Amino acid sequence: MAQYQRPDVPPMKDLTTENITDNVQAINSNCPDARLRFLLDRLVNHLHDFARETRLSITEWEATIKFLVDVGKISTDVRQEFVLLSDVLGLSLLVDAIDHPKLQNATEGTVLGPFHTTDAHHVAHGHQISNDADGEPLLAICTVKDTHGMPISHVAVDVWETDSKGFYDVQYADRGDKPDGRAIVESDENGVIFFNAIVPVPYPIPNDGPVGKLLEKLKRHCYRPSHMHFMLKKPGYDRLITALYLRGDPFETSDAVFGVKESLIVDLARVGSTEGLAEKYNVSPDTKLLTYDFILITEEEARQAREEAAQRVADKQGGKLKVVGGLLVPSDS
């Protein structure tokens, strides 16, 4: 048997609703990882308080465990039901906002969603990323700049959207290794990217699984407003996960995953409304036009912002916490 040093805690018996939390915290306190110890401390505290405050029943606890098991069973590499659960609870957006702070005029982030993949092809500017003939043609012309307005070249811009019926390619059984409605485009020396796609449409998040059943019980709809996803990455810059939403969508103000922000809502124009644009990009004048200026912050700017925000939280705790690497840990660590 491996040698075990008993922590200095009260005997683990005769535990009650009043002393169970202190006992669990005490036995976890020997964890050598200060951040993990702090996370578990707060998690146990809030979970136990939740159970006490709600007088959680065994029947409800068992139903919750079964729900989480079902979430795990339906999850796959191309259907992330746990991500979806995090999304509909608003946790995904909250964590992104904490870990990727936006400064000055920088572009705001939003949820990644459960349908991002890592097999999108790198394509040239002007490529048609969607093979859906039923979709309404769209030309996207975007720029990538820093907070000083200077263009950023060689940014990998990962783009993905549904087809005209509201389904991502991974939701089709015959998708195989042929990604559609997604691609990676790299910004040029002027920070510009452009590609052809289709006009986004509103769609339901997968509602045939446990998360969908939860929304039904909550009397919440399962729809997302029309949008196109973007992920922008370049060494030295804070990774940006965001999306652009079409103004006037019927679900603009009630997104099932809380992803819409006013700064990310766009109006589509028509290519023909700008003289010479149709000829320059070799598209029909009737093609819809999406334009947007993405603004990135540097990794150093993001680091400083995270540390400053964490320090503000630590200061409110009267010396109980300190900041290490931008993360909160107990001050006695």
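Me: How many of the 7 residues of strand E8 (residues 240-246) are buried?

Reply: This is a predicted model, and burial is read from relative accessible area, with under 20% counted as buried. In strand E8, 7 of the 7 residues are buried, so the strand is largely enclosed by the rest of the structure.

Me: Which residues of E8 point one way, and which the other way?

Reply: In a regular strand the side chains alternate between the two faces of the sheet. Here Leu240, Thr242, Leu244 and Leu246 point one way, while Ile241, Ala243 and Tyr245 point the other way. Residues of both sets are buried.

Me: Which strand do 6 bridges join to E8?

Reply: Strand E7 (residues 227-233) is the one joined to E8 by 6 bridges, and the two run antiparallel. Within this pairing, His229 has Ala243 of E8 as its bridge partner. E7 and E8 form a hairpin with 6 residues between them, and Gly236 in the turn has a positive phi of about 95 degrees.

Me: In what sense do E8 and strand E9 pair?

Reply: E8 pairs with E9 (residues 265-266) in the parallel sense, over 2 bridges. Tyr245 has Ile265 in E9 as its bridge partner.

Me: At what angle do the axes of helices H3 and H4 cross?

Reply: The axes of H3 (residues 58-74) and H4 (residues 81-88) come within 8 Å and cross at roughly 130 degrees. The two helices are therefore oblique to each other. On the H3 side, Phe67, Leu68, Val71, Gly72 and Ile74 meet Glu81, Phe82 and Leu85 of H4. The residues of this contact divide into 6 nonpolar, 1 polar and 1 charged.

Note on methods: Residues numbered from 1 in each chain as written. Predicted model: local features only at pLDDT ≥ 70, side-chain atom pairs only at ≥ 80, totals over all residues. Heavy atoms only, no water. Buried < 20%, exposed > 50% of the residue type's maximum accessible area, 1.4 Å probe, protein only. Helix = DSSP H or I, 4+ residues; strand = E, 2+ residues; numbered from the N terminus. Pairing = 2+ DSSP bridges. Axes fitted to C-alpha atoms, helices over the stretch in contact; angles between N-to-C directions. Parallel < 35°, antiparallel > 145°, perpendicular 65-115°, else oblique. Contact = heavy atoms within 4.5 Å. Nonpolar A, V, L, I, M, F, W, Y, C, P; charged D, E, K, R; others polar.
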